[in-house]
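The sequence and the structure are shown first.

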Amino acid sequence: MKHFLVSLLLLETFLHALAQCTAPASEFQLEGDYLLAGLFDIHQDSSAAKQDRPEAIDCSSKPLILSSYRRFQLMRFSVEEINNSTNLLPNVSLGYEIFDHCSDTHNFPGILKLLSVNDFIQPWAEPHKKLSKVMAVIGPYTSTQALTVAPLFMMDLIPMVSYGAGSSVFSRKQNFPSFLRTMHPNGEHIEGLVNIVQHFNWRWVAFLNVDDEYGNDGRELFIKRIKNTEICLAYTKGLNQYTDHSQIFRQIEAHRIGIIIVFAPEWTAEALIESAIKLNVTNKVWIADEAWSLNKKLRKKKGIKNIGTVIGVAEQKETIPGFSDFIYSLKSQTHCGNDQQNTFCNQVCNCSSLSPEQILAVDQSFNFPVYSAVYAIAHAFHNILECESGRCKGNVTVYPHMVLAEMKKSNFTLLNQRIHFDENGDPAFGSYSIVFWNQSGDAEEIGFYDFQPTFHFSINNTKIQWHTKEKVPTSLCSQECDVGFAKKQDGIHKCCFDCEICPNGTYINKTEDPYKCIYCKETEWSAAGSTSCNLREVEYIPFTDSRAILIMVSALALVGLTLAISVLFAINYNTPVVRSAGGPMCFLILGCHSLCSLSVFFYFGKPTVSFCILRFLPFLLFYTVCLACFVVRSFQIVYIFKIAAKFPKLHTWWMKYHGQWLVITVAFVTQALLLLFGYTFSPSKPYNETLEYPDKIILGCDINLKEFSGPVVLLLSLCSLCFIFSYMGKDLPKNYNEAKAITFCLLLLILTWIIFATEYLLYHGKHIQTLNALAVLFSLYSFLLWYFLPKCHIIIFQSYKNTQEYFQGLIQNYTIKQ
């Protein structure tokens, strides 16, 4: 009886213990109608041991990643929550097969097990033949892991939904047709990081990234994104388990970099930050990507406050209802299974010592992406099985490609978020928080940014407690230039520069291009160091100018004087004085003088094409006739007294063919043709003088000296001949003193234009037009006053000298002396 009672007591104890064994044989497996696969890096394989032969890996012997273990449990919770729901898949259950994806190089046994049926893989099977029960895959976490295994699932279009792979390569649907993800790609992370840098006007930054697909992709996107900004990448380095952190920080200090962007997973960032604390790296701003911005271990680490200020981007916190209860319920259960029940090497986790508080205390990064990934698959099944009225159709054969097609069309609400994907399989939902590690060791939210439907970015600066005591830290290679100075790049980085003041006629527009002094328009001017241009003052001599009026009145007086002299000479046409002055040639000279004076009126007023032509044409053409007349007149005087006796035939020929008129006609026609040629190929036109005066525009006429060299040479030639002949007759009788008068007039003419040419070379203001008009007027008055007026004086006041007898007496006296 005693032994019977003992047996009953033992049986009761056994049954009680058996009743407490409610946990499944393994957390990695669950039976169901449709199988989901899960890839979570619960343990981290960071060993650098060298192998000389292939060896299996035991993931359970590696360091545990608690945050990843939490995500692992979140997948289990999501599946069980869906299975317990009566709305989504009421009479259908989801199962899972989860593997610890702890190594990039030793993960294939688990992947091949997922793809096989009865441990047999048929790579050449029919395309639609069902080789595996796996309908979709959740994970893996990193881009490198996903890139390693994704091609195996792409062959049969098995949906692969990653909750952490951010590389932009997965957006290429031609390479990854069945890849989707519930976390945003790197491009959107980089956009947030760049906006933080720009918000605080930082220019000189370092970018440290994990040396894998995720980190290298982020670095390339960062370089591309800052290409047309004022941000310079001063230093970049890939991080791995062999990285010498002390050398990195020496380089950063040598380059005087104050901003360090760390684009790496939590374990890589932990090693870097711990080294910074150990090496006493201080006074830096650390910008964290979402992989480690919520890392509680680092936030609480001793000495973390000494490294500077930490700001980062993180997915917005989403509390998963019921997850905490699930963890507490899970850990309250007794695990009665033994190691033999864990049938696969990547499905072992000695995690029984973990408390619910430890699991729930870890940062919640990438939790909602896991949760939404499972629900996206469940909603795809809901649509395929046409679940409604509390029941799903059971006669539908489901293939992975059908799940993929429905997932691409996802559009449902989960925890107040609209879940759907874009054409690249990237999430078109969610937003990011900007966090700051405050003095209490908490990741305090200080701003946000999102992309849907438009980009919004905001930071509350007042919440940040900088290590520089209220002052926002700066990070510049060179100090900003003063106003009016342009940057001159020094070296390969545009952020390193010297400052040079913008000279006269240029200005600097820092918002448009701080590296270039921009030239002002021809109608504008600027002083050195200007930031804008001013309109130039347009200057020319108007008709109302007092000096212009005086010159024009003088020109009219000249015309009146020539008219009066012409009348006087006409009345006394047959007198010796008029005949000795040239006879009919006098009227031609006086008429051409009047026509030359027309040029004076076109030197004033705003220049036009016609004004520019008439400014030079009348003077050049008709003054040629005047000079030709004086050449002929000088030649005749010298010829009569000094050459005729020696060359009588020449005199006969000269008189027979009217040589004087022939010379004048040839000179006129030649000058007319030269002017026609010049104005045809290079007409004189209005010209704005902008070089001499930076703040003024002098309106004038542009003359092509090359095209007009012919008319000028002809004038100079006539002037030279006239001077030679007149000088030869300087000792003739007094009443035949025209040679002396012509010589004196020519000297005045030459002196006038020498003075004007000197002024033209030294002065380029608006009054050069007035001086030009005066030179023309003096050229006309010189002959009028010193050649014609003395003869008028004899005609009017000394008539006794205007007789034939008086002239013959002078000639006889000259002949006797000779």
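## Basis and confidence

The model is predicted; local features require a pLDDT of at least 70, side-chain atom pairs count only at pLDDT 80 or more, and totals for chains, interfaces and linings use all residues. Residues are numbered from 1 along each chain as its sequence is written, and side-chain values use heavy atoms, with hydrogens and water left out.

The predictor's confidence in each residue is given as pLDDT, on a scale from 0 to 100. The average pLDDT of the protein is 85, and 87% of the residues score at least 70. Confidence is highest in strand 9 (residues 259–263), at a mean of 97, and lowest in helix 1 (residues 2–20), at 35. Over residues 1–24 the pLDDT is below 50, and this stretch has 9 contacts in the model beyond near neighbours in sequence; a contact means heavy atoms within 4.5 Å. Residues 334–342 also have pLDDT under 50, and the model gives them 13 contacts beyond four places in sequence.

## Overall make-up

The protein contains 24 helices and 25 strands. These elements are DSSP runs numbered from the N terminus, with helices (H or I) of at least four residues and strands (E) of at least two.

Of the 818 residues in the protein, 50% are buried. Buried means under 20% relative accessible area, exposed means over 50%, and partly exposed lies in between (1.4 Å probe, protein chains only). The protein exposes about 39,900 Å², of which carbon and sulfur atoms supply 58%; accessible areas come from the Shrake-Rupley method with a 1.4 Å probe, and for residues only the protein chains shown count as cover. Among contacts with a separation of 6 or more, 71% are between residues 24 or more positions apart.

## The largest pocket

Pockets and cavities are found on a 1 Å grid over the protein atoms alone: a cavity is a set of points where a 1.4 Å probe fits but cannot get out, a pocket is an open set with protein on both sides within 12 Å along at least five of seven lines, and lining residues have an atom within 4 Å of a point. Grid points are joined across faces, edges and corners, and a volume is the space filled by probe spheres set on the points.

The largest pocket holds about 1,300 Å³ of space. It is lined by 39 residues, and F616, L705, W753, F756 and N772 are the closest to its centre. Elements that each supply at least two lining residues include helix 18 (609–643), strand 25 (696–702) and helix 23 (768–797). Helix 22 gives the most, with 8 residues. By class, this lining has 29 nonpolar, 7 polar and 3 charged residues. Here Ala, Val, Leu, Ile, Met, Phe, Trp, Tyr, Cys and Pro count as nonpolar, Asp, Glu, Lys and Arg as charged, and the others, Gly among them, as polar.

## The cavities

How many cavities of 30 Å³ or more does a search of the whole structure find? The search finds 5. The largest cavity has a volume of about 170 Å³ and is lined by 16 residues, with H184, E315, F368, G430 and S431 nearest its centre. Helix 12 (367–384) and strand 14 (431–437) each supply at least two residues of this lining, which has 7 nonpolar, 6 polar and 3 charged residues.

## Backbone features in loops

Most residues other than glycine have a negative phi, and most peptide bonds are trans. G139 and P140 are joined by a cis peptide bond, with omega about -5°; P140 lies in the loop between strand 4 (134–138) and helix 4 (143–154).

N280 lies in the loop between helix 8 (266–278) and strand 10 (284–288), and N283 is found in the loop between helix 8 and strand 10 as well. Phi is positive in N280, near 60°, and in N283, near 55°. N280 counts as exposed because its relative accessibility is 56%; N283, at 52%, also counts as exposed.

## Two partly exposed loop residues

P321 is found in the loop between strand 11 (308–315) and helix 10 (323–332), and it counts as partly exposed because its relative accessibility is 46%. P321 and L415 are 94 residues apart in sequence and 9.1 Å apart in space, C-alpha to C-alpha. Leaving aside neighbours within four places in sequence, P321 is in contact with F77, E81 and L415.

S93 is in the loop between helix 2 (66–83) and strand 3 (94–100), and its relative accessibility of 24% makes it partly exposed. Not counting residues up to four places away in sequence, S93 touches G32, D33, Y34 and N83.
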